[in-house]
Amino acid sequence: MRYAETGFNLEVDLSRGNIEKVPTDPRDTELYLGGLGTSAKILWDRVPPETQAFDPENLLIFSAGLLCGTPATGCNRTIACTISPQTKLMAFSMMGGFWAPELKYAGYDKVVVRGKSPELVYLWINNDKVEIRDASHLRGKGAIETAELIREELGDPKIQVSAIGLAGESRVFYASVEQGRSSASRGGIGAVMGDKGLKAIAVRGTKDINVAQPAEFIQLCHEVLEYIKYREEHPIPGVMPILAGLGSPQEMKIHDEKWHTENFMWGNSRVRRKGFWTEEIAKQWTETMESARRRLISCYNCPMKCGATIQMPGLPTYMMKCFSKLTYTMAAMSDLEFGLRIAQKATEYGVDGFSTPQVMAFAVELYENGILTDADMPGFPSDNEERFYWLLDKIVRREGIGDILADGTYWAAKRIGKGAEEYAHNTIKKHEQLPLKLSMLNPIYFIMYSTGEKINITQIEGQFPQAPFPTREQREEFVKDWIQVPDEKFKQYFLDWEPRGEKSIPYYPTPQMASEIVDWQEMMHYIDDALGTCAGLSSFPLKPPYHIHNYPKFIAAGAGIEMDKDKLVEATRRNRNLVRAVNIRRGMRRADEKPPADHWKKRFPELEAELLDTYYKLKGWNRDGIPTRETLQSLQLDYVYEDFVKRGILTADDDGAPAAAGAEQ
C-alpha cells in the first residue's frame, strides 16, 4: 500500500487524444519526496534541453505535494512545472486553494500533459473516468468565469478547476493559471497551457488517502494547530505587520501599508515615495478596502485567512491574492481603488500580478520618453489610469504594441530597440521582479536574487529576519524561543547583526554566514514545494509551525518513509541540484546569476563576486555554478554527471568546461 501518495500519475497526450493512468516508482518518492522533486526528475528524463516552451515535446506537469490530501494543516499546494517561454529555463510555480487535494482524492499525484490539441479542450477528471472535452464554447472566457461555466456544465459545484484566461490562450509569456483562491503565476505556466490548447483541468475525487501511522500523524497535526493558535496570540514585535504573524502575506486584512508604499518603487520601478503614507491616505485606503472586501478566505484545510473576496461597484466578485493589492496601484502611480478594479480584470484575463503592472509601466515610460510614439500606439489614452486598461487589453489579445509587450520587458525591449533596453531594468534571468529597490547591498538578498531557481523573491526568502533588530536586548528576546533553527549558530549570527557599524550590511553577515542563511531558507522552500505545504506556514514567516525538526516526523508518519533530519536535508539538496541541473543543461551559467543592476544604489563588485564564490562552494558547485562530480554522485545524481560529461558541461576530471556566455539571449 502507498501512503500519503496515490502511486499513480495521469498521462495525457493532447496531440493523440490519449489518456493513461501510470503507476509510479516508490523509490522515486524516497529520493525526491514528491511535488517539485519528482516533477523535476520527469522533466530531466523526458524534456531534452533543445526543447522550447512551445514545442509539443515540452511537458506541463500539475503535481500535488506529497502530503496534500492528508490532515496536515495547510498542505494543499499544487506545483506546476514546465519550460518557461520567458526565461527559457525550468519554471515552477505553486498555487493553493483546493485543486491538489481534489486530485489526490481522484486517485492521482500528478497530471502530466504533452503534445498539442488541434482544438481548444478541457480535461475532466472524475475519479477513474477521465475525458478530453471540447472547450470551443469557453474560448475567450475569463479564468474564473470558465471555472463557473464548467461546474454548471458538469452539474457539480464541488468540482475544482484550474483554468487560463485570454492571456493564456494568446500565449502571453507571463500568463497565469487561475484556480479559485490561488494561481500559478510566475514563469508563464498559463502560456504553455494555452499553447497546448488546454483551457482548463477540472477534477472531482471521492477516494481515500491513507497515512502510515494515523495516531502519530494526527498528534503532529494537533501540535501544529496549537502552535498556530499560540503564534496568532503572540505576534512578533518590531517587524512589519505582514511578518508579525503566520500565513502568506496577509495583505487583505492589514491596512498599514506604510512600509510597502514608501520602500517599494512606483512606476517602472523608478520612484521611491518617502512620506507618501499620511493619515489621509491611510483613512482613504482603509475605507476603500473595507468597502470592497466581502470576506477573508482560506485554502483547503487551513485556519489562516490570507486571501479575500473583493467586489468593486459594477464588477464581478473575485479573489485577490497578496501583493496584487499594491502592484497595479504603484505601477500606475494611482490609488487603491484603481488597483482593486484593474486587478479584477487582470485576474479574469489570467496574468501574473508582479510582471503585468511592470510591463505596462515600462511601456508608459517608453512612451513618455519618445521611444514609443503615437505611431506605435495609435489611440493611446491621455488619462493615466485609462492607459493601463488600454495596455492590458492590448497585451492579452496580442494586438499592436501588445504583441511585443506580451513577451515581457526583456524581450520587448530587444524588439523595440532605440534604447529601450535601458528601461527594462527590473528583470532577473529575463523575468520581471517585485519593484523593491534599496540603498545598501544586502549580502543575503544578493545571493537569493542571483541564484534562486524560482526567480521569485517571496518564494526564496523567509525564516531568518530580513533586517537586524535595533538593540541587542530585542535580539536576545527573539532567539529565546527560536526552535526552528537547523543549527544553534544561526542564533549567534542574528545576535551579532547590528544596524550599523562593523557588523552591519554589506559586510555582515559575512559571505560564509550569508551563504549558510540562504541555504537554510531555500532548503525550507524546497521541502514545501515537495510536500505541498503552504510557504506561509513553513518557509516564509518567522518562527513557523513547520520546520526542519518536525518535518521528518510528518513524512515518516504520513508517507511511511524512514526519515530523519539528515535524510531530509539530503533529499532537499538532491532536489535543489536536480532543478539546477535542468537549467544548467539549458545554458544557465554564472553570467546569468545577478540581480537588476540598479537594485541597490551602493554596489560592491568584489564582495558580490566573493558572495557567489562562497555560496557556490557551500553548495558543492564549481566557479561557474555547475554542480561538481562529487556533489552529484554523493546525491545519487550520477545520471546528471554522466550527461554533463557527454555534453561537455563537465570534463571527466571534473574541472568543468569553459564558462559559457549564459542562457539564450
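A residue counts as buried when its relative accessible area is under 20%, as exposed when over 50%, and as partly exposed in between, computed with a 1.4 Å probe on protein chains only. Helices (H or I, at least four residues) and strands (E, at least two) are DSSP runs, numbered from the N terminus. In helix α2, Leu-36, Gly-37, Thr-38, Ser-39, Ala-40, Lys-41, Ile-42, Leu-43 and Trp-44 are buried. The helix, residues 36-46, is thus mostly covered, with nine of its 11 residues buried.

The model is predicted: local features need pLDDT of at least 70 and side-chain atom pairs count only at pLDDT 80 or more, while totals for chains, interfaces and linings use all residues. Numbering starts from 1 along each chain as its sequence is written, and side-chain values use heavy atoms, with hydrogens and water left out.

Next come the sheets. Two strands pair if DSSP finds at least two bridges between them. An open sheet of six strands has the order β2-β1-β6-β3-β4-β5, with mixed pairing. Its edge strands, β2 (18-23) and β5 (90-95), each pair on one side only. On average, neighbouring strands of this sheet are turned by 15° against each other, direction ignored; axes are lines fitted to C-alpha atoms, for helices over the stretch in contact, and angles run from 0 to 180 degrees between N-to-C directions.

At one end of that order, β1 (residues 8-13) and β2 pair in the antiparallel sense over six bridges. Within this pair, Glu-11 stands opposite Glu-20 of β2. The hairpin of β1 and β2 has four residues between the strands, and Gly-17 takes a positive phi near 70° there. Elsewhere in the sheet, β3 (residues 60-64) and β6 (residues 110-114) run antiparallel and are joined by four bridges. Ser-63 has Lys-110 of β6 opposite.

Another open sheet has three strands in the order β15-β16-β17, and its pairing is antiparallel. Here β15 (293-297) and β17 are the edge strands, each pairing on one side only. Four bridges link β15 with β16 (residues 307-310), and Arg-293 has Ile-310 of β16 as its bridge partner. Helix α12 (336-349) lies across β16 and β17, at about 110° to β17. Gln-344 is found in α12 and is buried, because its relative accessible area is 8%. Gln-344 touches Leu-315, Pro-316 and Tyr-318, not counting residues up to four places away in sequence; contact means heavy atoms within 4.5 Å.

On a 1 Å grid over the protein atoms alone, a cavity is a set of points where a 1.4 Å probe fits but cannot get out, and a pocket is an open set with protein on both sides within 12 Å along at least five of seven lines; lining residues have an atom within 4 Å of a point. Grid points are joined across faces, edges and corners, and a volume is the space filled by probe spheres set on the points.

Five cavities of 30 Å³ or more are found in the whole structure, and the largest cavity holds about 850 Å³. Of the 45 residues that line the largest cavity, Met-94, Ser-182, Ser-183, Lys-321 and Cys-322 lie nearest its centre. Elements that each supply at least two lining residues include β5, β17 and α12. The largest pocket holds about 940 Å³ and has 36 lining residues, with Trp-259, Leu-438, Asn-442, Gln-466 and Ala-467 nearest its centre.

Some backbone values deserve a check in the viewer. Most residues other than glycine have a negative phi, and most peptide bonds are trans. The bond joining Ile-505 and Pro-506 is cis, with omega about 15°, and the bond from Tyr-508 to Pro-509 is cis with omega near 0°. Pro-506 is in the loop between α19 (489-495) and α20 (511-531), and Pro-509 is found in the loop between α19 and α20. Lys-430 has a positive phi near 75° and lies in the loop between β18 (427-428) and β19 (431-432). Lys-430 is buried, because its relative accessible area is 6%.
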